[in-house]
Amino acid sequence: MNVTKRIEKFRQSYVNSKPLICYDRADLWTRSHQETEGEPIEIRRAKAFLKACSELPVQIFEDELLVGTAGRFRRTGILTPEFSWKWVDKEMDTFETRPQDPYVMTDEQRAYVRENIFPYWKGKSLEEAFLNRVPESTARILIDTGIIDNDSKWRQAIGEVTPDYLETLFPKGYDRIREEAQAKLAALEPVSRENIEKIQFYTSIAIAAEAIVTFANRYADKAEAMAADLASELAGAGAVEPSAEKVFEDGEKQWAVPLKQRREELLEIARVCRKVPARPPETFREAIQFMWFVQLGGVISENPLALNPGRFDQYMYPFYAADLAAGRITPAEAQELIEALWIKLSEWVWTISANTADFFAGYNQFQNLTVGGRKRDGSDATNDITYMCLEATKRVKTHQPGLSVRIHADCPEAFMNAVVDLVKTGTGFPAIHNDDAGSRMLLQAGYEPEDARDWNNCGCVVPHFRKTGQWTAAVNVNFGAALEYALNEGNSRLRGETLGIPVKPLADFTSFEEIKSAFETQLQYLVHHSVIGTVIAQQLHSEMVPRPFLSTCVDGCFEKGKDLSRGGARYNVGPVLTGIGLGVVANSLMAIKKLVFEEGSATLQEFAEAMAADWVGFEDLQRRAVNVEKYGNDQEEVDRIAQSIANYYYHETRKYKDIFGSHFNTAFMGISNYIPAGKVVGATPCGRRARQPLTEGVSPFVGSDTSTPLAAMRSAAKMNHDVHTGGTLLNLRLMSDFLETRRGVNNLKSMIRAYFSLGAFHVQFNTVSNEVLRKAQDRPQDYRDLLVRVAGYSTQFVNLSPEVQEAIIARCAHKLD
Amino acid sequence: MTGVVSQIQDFSVHDGDGIRTTIFLSGCPLRCRWCSNPETWGVKPVVASHASRCTDCGRCLQVCPVEGALGLGVPHHVNPARCTLCGRCVEVCPSAAKTMMGRDMSVSEVVGKVMRNNIFFQASGGGVTFSGGEATFQADFFNRLVREFYDLGVHLALETSGFFEWNEVAESLALMDHIFFDLKLMDRDRHLEMTGQDNSLILENFRRLASLGVEVVVRIPVISGVNEDEANIEATALFVSEVFPRAAIELLPYHAYGSYKYEALNLGSRLYAYETPGEGRMDALKALVERCGVKVVSYK
């Protein structure tokens, strides 16, 4: 089955167009803030949102059924100067030429924002406030260093929300949300601090609800106007109705459907946008448009990372089933709408700094959509929509949504087959998760058992639940740096400064345990400052950038009368500190243990000198270090070191609580963070050279998992997955020939089941061959739709910088026999 | 008890059902001209020397305790007659140009290593495949391993040339779930010429196998200019259908992946070059086998 002409046209436009910066949102936001000086911040932000929703350009592109964009263009990236304008000012001259995730921005646009937008925000942005408040002792390792990194938490909005369609948004609709807010307001007197804060909150909610409905109504108006134009065109002299095929081939200025049909479609768009999200949806079409408006509301309000559609198959299925029974929809029509949504989710651009783009490469917005798994009552949750989602990703090959599946021991074989069928396309999708492990992680994080069963992924591989406020990717913590400071008197080799805790020279250590404990001390120090950077940012977010619109999406805020950024959610779960480089550290400690303390074939002094020389002149020692057993090959001793480091990290991190009193959490997840984190770390005793990438998640070091995927799986499964409630990630690459036969497909299913029965949480496969990737490097124009998995997510290969491309090619390609 | 294991390869999926671990046991009575595993001919480990990696730094010569065990020219090939397998040259080689192929292992060591993947066997319906060399050549070691894995409830497969003393391994054969049995050439003289042994023992063992009730797949390595003529393939198929009608046949096209090993082991003079039969030829031969009433299977 192929995609419809309409979808193919959208798809072509998506793969062939570059992201464009559109400053309209920033302009409107700024003007609104100029008008609201002195008002409470949540009301100012709600009013700015209302202004944006009332005045942003309304665009219905050719042949669209699902409508709405965040700016002028299909692929619009917006600016959010209230978070940071400085990085934009500094970097926008090179937006088009930067290696990772370039954007198009014209000189006129640049001149406009410099003259009319940025001056207002000088001294008022979150970035500036954060840099003012963060203590110098933390700043020196936190700000643009790659040692501990949280710039996406003060140069950007948080995102990391899964709107609660099932129990909050769909049953109510925004008219009722506004009415309920007004009812609350009617009953509140400003006689106490608490009441004043509630009044401010409910006012902001009422405005935000009005804003999103206004936005939808403007689309209804636009669609009606377009339909009227078409009607007069059709009535005009000699208008010939061209056949659908003919027009489609003609490309840009033409319709993929006959004009008369298009006119009816526009009228239907108008009807749908008039109804949702103001009122509860009653059909599949209404529900999907509702959902897209909410997604856009989130985009316009803060340019979020990881605004997750969540368990789409669960909340959409009842609409589909009812439509189908009533004869209102065909499976093909539903499929087309889902595919249209996939393209919409991919088109808008998360505008980020070059530094952030290094950590989150590939224009990735991290909108995770999770299908399959179990229902709240424990029964299997798969349904027709589940399969349609897998099919949609297979057919449109967009990098969004981040498609995740939940596999449980008794899930239907047909579902397993559909999952592997998608793996086979080499898109890196879906991210495959262990249903039980996800539930156990949520139980450990303090959720009610049924809620723990109802999880979806947030962003990359973080198990999450829709009634939650959490910073799921708060800080990236560079384990490699901690190791370096332990082995180098507290100094950074590449910067030549003391960035860690000063310690004695390596040669003076007398036991392996002493060295390991020195590493732990440095890690403790990095965790400590990560916590400082996080709680300061949390406090600033609650003061400066509350989130009225997203507060409507998360259960608990309304009842408590409290903004999401101030702990309004039903569950406030502690921020996640992501460890990077677990494999490198385990391998390095193992190399020292074996060569120095067991074999005695090398001295600590030699290691110190070799590290300082980046192995030059120490090739023999490097070779011996490389030959020491490595994490990822099911070797007990080194795997146990990795396990013990991971457990230490967990215990250390759990000691801290955030501003809401919730424990901090740990994760070993991916993103592309292992590449920039590696750039700031000199040579490591495992044989790795300076600036080389570290390791991602619980994956082995690239090229050192010389055994098989089975051994890599066994090693990874030894980590204590349940406790790392921020998620764990294992990436494996399989050469494409692995899945060419039914036997291969069944064997992959078995591998997944076996891995999960060992207790592990996530695995993802890339099945493209290196040959194909090389071709794509040579002729990027021919491979623009080639998706590869970067880490916990997939993106277009040709959009990655040459460096990231090389890192992907270098991943050990496991081949059978 | 110990034996010489050439290699233990996990994640093996072409030698039986599911995900398997293949144990390559050293030692083989045949010397097939197309052999891709010359490192398994003898029942002892061998040190290979890879010319493409050798930088001629001379460290192997410095540490080798036996005079004349290493050649002076690149890549300093090992003379197996003198080499004591001390492994020093492998240890010191900075470019991994020397590798030890094969290792003396105890039964419990082999079992421990293999059983780490039991969870994958269970999930996939896989297990252990014995191969070689000739898997049965170290008969006592082989029998002990088979018994251990059988008692552990592991699915067992055997790849064999069919050249063994029946009584030495009969019990183990009966414990197998699956046997891949090579019938390389039906003509006795030609078999002798191409493998160094005549095929009467092999054919006799195949007849006996029919009485065991084990699932058997006959494998024919199809080699251009050796055994890919219709007459041989047809004779093989007819023989199978006559003595063991339940058995299926798998036709495996010759591959040259093992040729680098001849160079590394200084066996260049014993390397014969053959061509891989094309897909069309393979299809024609499969059709021929089917016409003889024998089922064709593939584990690719």
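A cavity is a set of grid points where a 1.4 Å probe fits but cannot get out. The legends below describe a predicted model.

View 1. The largest cavity has a volume of about 190 Å³.

**View 2. Lining of the largest cavity.** Twenty residues, written here as 20 residues, line this cavity, and A:Q470, A:W471, A:R547, A:L564 and A:F660 lie nearest its centre. Strand 9 (468-469) and helix 21 (512-544) of chain A are the elements that give two or more residues to the lining. By class, the lining of the largest cavity comprises 8 nonpolar, 9 polar and 3 charged residues.

**View 3. The interface of chain B and chain A.** Between them, chain B and chain A bury about 2,000 Å², with 59% of this area on carbon and sulfur atoms. Of the area that chain B buries against chain A, B:F11, B:R116 and B:F120 supply 39%, more than any other three residues. The contact involves 23 residues from chain A and 24 residues from chain B.

**View 4. Polar and charged pairs across the interface.** There are 3 salt bridges between chain B and chain A. In one salt bridge, the side chain of B:R59 meets that of A:D620 at 2.9 Å, N to O.

**View 5. The side of chain B that touches chain A.** Strand 1 (2-12), helix 2 (88-92) and helix 4 (118-124) of chain B each give two or more residues to this side. Helix 4 of chain B gives the most, with 4 residues. The residues of this side divide into 10 nonpolar, 8 polar and 6 charged.

Notes:
Residues are numbered from 1 along each chain as its sequence is written. Chains are lettered from A and ligands numbered from 1 in the order in which they are written. This is a predicted model: local features need pLDDT of at least 70, side-chain atom pairs count only at pLDDT 80 or more; totals for chains, interfaces and linings use all residues. Side-chain values use heavy atoms; hydrogens and water are left out. Contact means heavy atoms within 4.5 Å. Buried area is the accessible area (1.4 Å probe) that two parts lose on being put together, summed over both. A salt bridge is a side-chain nitrogen of Lys or Arg within 4 Å of a carboxyl oxygen of Asp or Glu. A polar contact is a pair of N or O atoms within 3.5 Å; within protein, one must be able to donate a hydrogen and the other to accept it, and residues adjacent in sequence count only if both atoms are side-chain atoms. Ala, Val, Leu, Ile, Met, Phe, Trp, Tyr, Cys and Pro count as nonpolar, Asp, Glu, Lys and Arg as charged, and the others, Gly among them, as polar. On a 1 Å grid over the protein atoms alone, a cavity is a set of points where a 1.4 Å probe fits but cannot get out, and a pocket is an open set with protein on both sides within 12 Å along at least five of seven lines; lining residues have an atom within 4 Å of a point. Grid points are joined across faces, edges and corners, and a volume is the space filled by probe spheres set on the points.
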